[in-house]
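Here is a short report on one protein model. Look over the sequence and the structure first, then read on.

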Amino acid sequence: FTEVPHLTPSEEEFAIDPLVPEEIPREPEAIAAIRHNVLHDAIATGRLVSTDGNAARIMCFLEADVGQETVAEAIQVAVREEAGHMRLFYGGLPFVQAYIGGGTREDNIGLTPYVLFIAALATFIFFRRPLGSLLVLSAVALGTIWTIGGMAALGAQMTVISTSLPMVLVAIGGAYGAHVLAAY
């Protein structure tokens, strides 16, 4: 909100001044005048600054080719250094993507062993062949490793959708493996 203009209407014209001066004064009277201007500005109050003046929004405009999670982390580090005792809340696409991406990765890491175990157990129960179950799971594991490794080798970024790829490959690969095993 420090870049928001402060419009002062008169009978003939609008005076456009900065809402907050570029260099913040140290005198209590000057700071009180700035606070008064900010809290009585129709553009800033309620949108960029809370009506009681106890909270403010910091907006960042990003370039298009910047990694969202990297930006979210950099903003959090920079703000934490300056915030001191203040409570911080983050919002916007970079933070949502970082939160969802991190949660999805943690879920996949935690759930993958269970999915592999259930797939192995189901294959063994249906076919009663330990070697067949091992063959199906080996093919699925190898395909998953090749897929994720190929993405890394090609420089493809892991997105919210692609982080669930190992689970999908286990489900689909296990089903096809079971069909092949049933045929033989």
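## Confidence and layout

Helices (H or I, at least four residues) and strands (E, at least two) are DSSP runs, numbered from the N terminus. The average pLDDT of the protein is 79, and 96% of the residues score at least 70.

This is a predicted model: local features need pLDDT of at least 70, side-chain atom pairs count only at pLDDT 80 or more, and totals for chains, interfaces and linings use all residues. Residues are numbered from 1 along each chain as its sequence is written, and side-chain values use heavy atoms, with hydrogens and water left out.

## Strands

Strands 1 and 2 run antiparallel and are joined by 5 bridges. Two strands pair if DSSP finds at least two bridges between them. A hairpin of 4 residues links strand 1 to strand 2. His6 has Asp17 in strand 2 as its bridge partner.

| Strand | Residues |
|---|---|
| Strand 1 | 5-9 |
| Strand 2 | 14-18 |

## Helices

Helix 4 (residues 130-153) has 24 residues and reaches 34 Å from its first C-alpha to its last, close to the 34 Å expected at 1.5 Å a residue. That expected span is 1.5 Å times one less than the number of residues. After helix 4 comes Gly155, with a positive phi near 80°.

Ile125 lies in helix 3 (residues 93-127). Ile125 counts as partly exposed because its relative accessibility is 44%. Buried means under 20% relative accessible area, exposed over 50%, and partly exposed in between (1.4 Å probe, protein chains only). Buried residues in helix 4 include Gly132, Val136 and Met151.

Conventions. pLDDT = per-residue confidence, 0-100.
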